[in-house]
Structures are given as structure tokens and as C-alpha cells.
Amino acid sequence: MLWMAEYPERMGAVINPYRRIYLEMAKAEIEAGRGLLDGFVIWGDVAYKKCTFMSPNYWRAYFKPWVAKMVEHAHSQGLPVIYHGCGNVKAIFDDYVEMGIDAYNPLEVKAGMDAVDLRRRYKHRIGFCGNSDIQIWEQGDRAAVRREVLRKLNAAKGGGYIFQSDHSVSSAVSGGTYDYIVKLLREHGNYPLQLGEFEKPV
């Protein structure tokens with residue numbers, strides 16, 4: 001991270017060869033799974049809790065072109081793409097939409113990401129995967145869990161939302177809480193959505 005700031009061009013020259021390797025690896029993975037794949041996931045954390053690791057312009061110069069090539073190749077093979085990236089990526093979210101990413105994951109709540117707000121802004125130009133606050137799951141308060149689950153289901157209006165936690169499900173989440181979440185989804189996650197007092201315009 002420090003070298004990106006101190007020696008941006010030299011570090012960029014180091015990054016590019018590795019990105020070429022990643023692109024070729026992606027092509028090889030897709031070829032190896034030909035006929036067996038339903039989609040392709042690109043993993044690439046580029047953000048902290050409040051912002052990106054590097055300036056958005058630096059990311060656009062040295063990372064975005066290679067991600068775009070991976071997306072283009074996956075799409076050429078008929079595969080939708082989910083991009084996984086933790087942290088607050090609001091500064092570059094337009095870029096993910098522009099590249100044609102089909103869905104973004106995990107949309108960490110503690111980093112300020114909100115699928116309902118993003119749905120209002122981007123409509124159905126991109127899908128969302130995740131965004132249910134794992135910290136609320138861990139607390140186990142039924143009223144808070146119900147509010148969290150039903151509010152986030154607003155992002156599913158019109159499709160394009162895969163409900164899941166915004167981070168790994170830790171051992172702090174009780175079996176009872178997890179079962180309650182599944183039951184809420186089975187009861188309220190079918191179309192037409194019935195969200196009651198948690199109904200929000202999107």
C-alpha cells in the first residue's frame with residue numbers, strides 16, 4: 001500500500017504483469033469448467049471500512065482494465081459475473097456497473113454499504129448479493145433480526161438480489177437465530193413480496 005503512494009508508476013509496472021497472469025488463469029479456469037459452470041466469481045478486496053485502499057484513479061489505471069477483461073471474457077462464454085470485494089467501494093461502484101458486473105458481493109454493512117439505497121440509485125443495472133448485517137445476526141435479538149431481514153428484502157423488488165450475510169457466519173450466530181432467518185425468508189421472500197411495516201420505496 002505504501003509503495004503505491006510513494007512509487008505509483010513503478011508499483012503499477014509491477015501490478016500489470018500479475019494482472020495478465022490472473023486474466024490467463026481466469027480463462028484457463030473457465031475452459032477447464034466448460035459446460036459445468038453457472039457463473040464466474042472474481043475476488044478482489046480493494047477497500048477498507050471507509051474508502052478504497054488506493055485512490056480511485058489509481059485503481060482505474062492499474063486494476064480496472066484487467067477486471068474488465070475478465071468480465072468481458074466470462075460474458076463471451078455465457079457466464080454471469082459476481083464480483084466479491086469487502087469494504088466501502090462507493091467511490092468506484094459506478095465503475096463496476098460500467099464494466100457490466102452482474103452482481104456485487106458482500107456489501108458490508110459496517111463499511112456503509114446498503115443494498116436498498118444502492119437499488120434506488122442503480123435500479124437493475126447491477127444485482128446485489130449479501131448485505132444482511134452479520135453483527136445483528138450475532139446479537140440474536142428477534143425483533144432486530146426481523147427488521148434487518150425484511151428491510152433488506154426491499155432490494156429484491158423486481159429481482160436481482162441474493163439474500164445472504166455481509167460476512168462469514170461466525171459461531172456467535174446461534175442455530176436458533178439462523179433457523180429464524182431461514183423461516184423469515186421462506187415466509188416473506190416469495191413474490192409478490194409482503195414486507196409490512198418494513199416496506200420501502202426503491
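Is H84 buried or exposed in this structure? I began my notes here, keeping in mind that the model is predicted.

**Entry 1, H84.** I looked up the relative accessibility of H84 and found 11%, and because buried means under 20%, H84 counts as buried. I then placed H84 in the chain, and it belongs to strand β2, which covers residues 81–84. When I listed what H84 touches, leaving out residues up to four places away in sequence, I wrote down I42, W43, G44, D45, N105 and P106. With one of these, N105, I found a polar contact between the side chains, at 2.6 Å.

For L107 I read a phi near 55°, which is a positive value in a residue other than glycine. I also looked up the relative accessible area of L107, which is 0%, so L107 is buried.

I wrote down a positive phi of about 55° for K123, although K123 is not a glycine. I located K123 in the loop between α6 and β4, the strand of residues 127–129. The relative accessible area of K123 is 44%, so I recorded this residue as partly exposed.

I found a cis peptide bond running from Y191 to P192, and its omega is near 0°. As for its place, P192 lies in the segment that comes after α9 (175–188).

How do α2 and α4 pack, and at what angle? I found that helix α2 (residues 8–32) and helix α4 (residues 64–76) pack at about 15°, with their axes 10 Å apart. Because angles under 35 degrees count as roughly parallel, I noted α2 as roughly parallel to α4. I also noted that the crossing in which α2 passes α4 is right-handed. On the α2 side, I listed N16, R19, R20, Y22, L23, A26, K27 and I30 as making the contact, while on the α4 side I listed W66, K69, M70, H73 and A74.

Technical notes: Residues numbered from 1 in each chain as written. Predicted model: local features only at pLDDT ≥ 70, side-chain atom pairs only at ≥ 80, totals over all residues. Heavy atoms only, no water. Axes fitted to C-alpha atoms, helices over the stretch in contact; angles between N-to-C directions. Helix = DSSP H or I, 4+ residues; strand = E, 2+ residues; numbered from the N terminus. Parallel < 35°, antiparallel > 145°, perpendicular 65-115°, else oblique. Left-handed = near helix turned anticlockwise from the far one by under 90°. Contact = heavy atoms within 4.5 Å. Buried < 20%, exposed > 50% of the residue type's maximum accessible area, 1.4 Å probe, protein only. Polar contact = N/O pair within 3.5 Å; in protein donor to acceptor, adjacent residues only side chain to side chain.
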